Amino acid sequence: MAPVSARRRWWALLSLLFGLLVVGLDVTILNVALPTLAVDLDASNAELQWIVDAFIVALAALLLPAGLLGDRLGRKKVLLAGLAIFGASCALATTADSVGVLIAARALMGVGAAVVMPVSMAVVPSMFSGAERTRAVALLTAGMAIGLPLGPLLGGWLLEHYWWGSVFLINLPLIVLGFVAIAFLLPESTDRSAPRLQPLAALASVLGLGALVYGVIEAPVDGWLSPATLIGGIGGLVLIGAFAVSQIRSAAPMVDLGLFRDRAFLWGSAIATASSMLMMGALFLVPQFLQIVQGHSAFGTGLRLLPMIGGLMVGGLGAERLAARFGYRATVIAGLVLSAAGCAAATATDPGTGFGFVALWLAVLGAGFGMSLVPATDAVLASLPPDRAAIGSALMQTLRQTGGAIGVAVFGSIAASVYRAELDLPPLPAEAERAAEDSVAGAAAVAEATGSPETAHRAFAAFTDGMGAVFLVCAGLAVVVACAAGPRFPKHPGAAEAQSQHEPSRAA
């Protein structure tokens, strides 16, 4: 690539921010729309999970292949194609009149986001070096992070004033701006030394992750031991296993699984993945509790999610100072323990709980996520040699997104199973009973249509029981990860290699 002037470099970086901001918005903006979608599209709990997970599954499964494609074909061309796919899928989602069309549009958004995220990051080393590169990566990361708190607020405001399709329509101006800016400002770059794309291996990973998530999501509907659940879950694991074996045996693997031999990479990725599972599971259930069970508006729900987002930002920013003073290991363990405490407190919530208590455990949860996620991610990046930084970063992001998808699938399914088991409806017509059993939003609609407040009361109690069961499992998961990964996590990123050399048995 020809040398790029300093001014053009920073203008090009600004153009990349538009694309990442859209991806950041899309991670959280939809959560406040789930209760509305449940009613307007008559979506069941399983369908709501797919509306969220279709995006995350496509994103997680395609991050690595999309990054390699950009390296080989030209990052600018592939990035523009990714933005075009994202924009087209947003336009499709705004006009969706059925759950199936919306899920398909969300999957296409995931395809576009899978291109935008890794390719945007891969462009940076080709334009910046040294301290400028660090600053550029920080700005891009901040650009995506800004979308997280903006998502619930913007989504809630749009739902208050417009129809639910507006949460997707708002992306289009940003996408157009980013597309035009990138087309004119971003220089083309390639990396011919990057690993080659392996279509069959990539297909196995995509189908495997999709089948696994399908099995988990459909379990509450068909039964955890039903053929559909077992075939989906086991088949997905087999395909994912086949993908891993193909990479281990390949002389030039698409994914370097040898990175997991490094202590910081292994345990940092495990902690970051677990934190993503917990965060996405909470963001799936809490908006439904606030909006449907407690009756807040969409915008009010977005406002009430701010303690969690604020805690996440405070915990993430404070983690840097805490890690410098007490070490990464202590900071990560403290974050996981804080997450477990927030989850444990959430189990005491019932339909009539005041928002003061809810805000407290949301803030504790967010702070715990930030304190565990940021040091873990930093340690992973610090452990990567320069020639494997791009592929290692993409692999960690893939694991995090996979954790988010599995979190929504598993925790959503647990909540649905407990909801169905605890739901004791008064006598209702058969069709109304089926709607109430499908989701708490359906039960609320049935209660309003039939003039039966008792239906709503029992459904809200059952949903809160399901949410409490999920947070109990989350608290247990956080404790297990703290005990298993915490002691093995390096005190400082640079110490990982030395620890691995002196303690090979523990590293294994």
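The points below are grouped by topic.

This is a predicted model, in which local features need pLDDT of at least 70 and side-chain atom pairs count only at pLDDT 80 or more, while totals for chains, interfaces and linings use all residues. Residues are numbered from 1 along each chain as its sequence is written, and side-chain values use heavy atoms, with hydrogens and water left out.

**Cysteines**
- The structure holds zero disulfides, a disulfide being a pair of cysteine sulfur atoms within 2.5 Å.
- For Cys-474, the closest cysteine sulfur is that of Cys-343 at 4.8 Å, which is too far for a bond.
- Cys-474 counts as buried because its relative accessibility is 2%, whereas Cys-483 is exposed, with a relative accessible area of 54%; buried means under 20% relative accessible area, exposed over 50%, and partly exposed in between, with a 1.4 Å probe and protein chains only.

**The second largest pocket**
- The second largest pocket holds about 430 Å³ of space, where a volume is the space filled by probe spheres set on grid points that are joined across faces, edges and corners.
- A pocket is an open set of points, on a 1 Å grid over the protein atoms alone where a 1.4 Å probe fits, with protein on both sides within 12 Å along at least five of seven lines, and lining residues have an atom within 4 Å of a point.
- Its lining consists of 20 residues, and Ile-240, Phe-243, Thr-398, Leu-399 and Thr-402 lie nearest the centre of the pocket.
- Two or more lining residues come from each of helix 3 (45-73), helix 9 (199-222), helix 10 (227-249) and helix 16 (389-422), helices being DSSP runs (H or I, at least four residues) numbered from the N terminus.
- Helix 16 gives the most to this lining, with six residues.

**A backbone angle**
- Most residues other than glycine have a negative phi.
- Asp-42, although not a glycine, has a positive phi of about 55 degrees; this residue lies in the loop between helix 2 (34-40) and helix 3 and is exposed, with a relative accessible area of 62%.

**Aromatic contacts**
- The count comes to four aromatic pairs, where rings of Phe, Tyr and Trp (its six-membered ring) pair if their centres lie within 6.5 Å, and planes under 30 degrees apart count as stacked, over 60 as edge-to-face and the rest as tilted.
- One of these is the edge-to-face pair of Trp-164 and Phe-168, at 6.4 Å centre to centre with 90 degrees between the planes, and both residues are buried.
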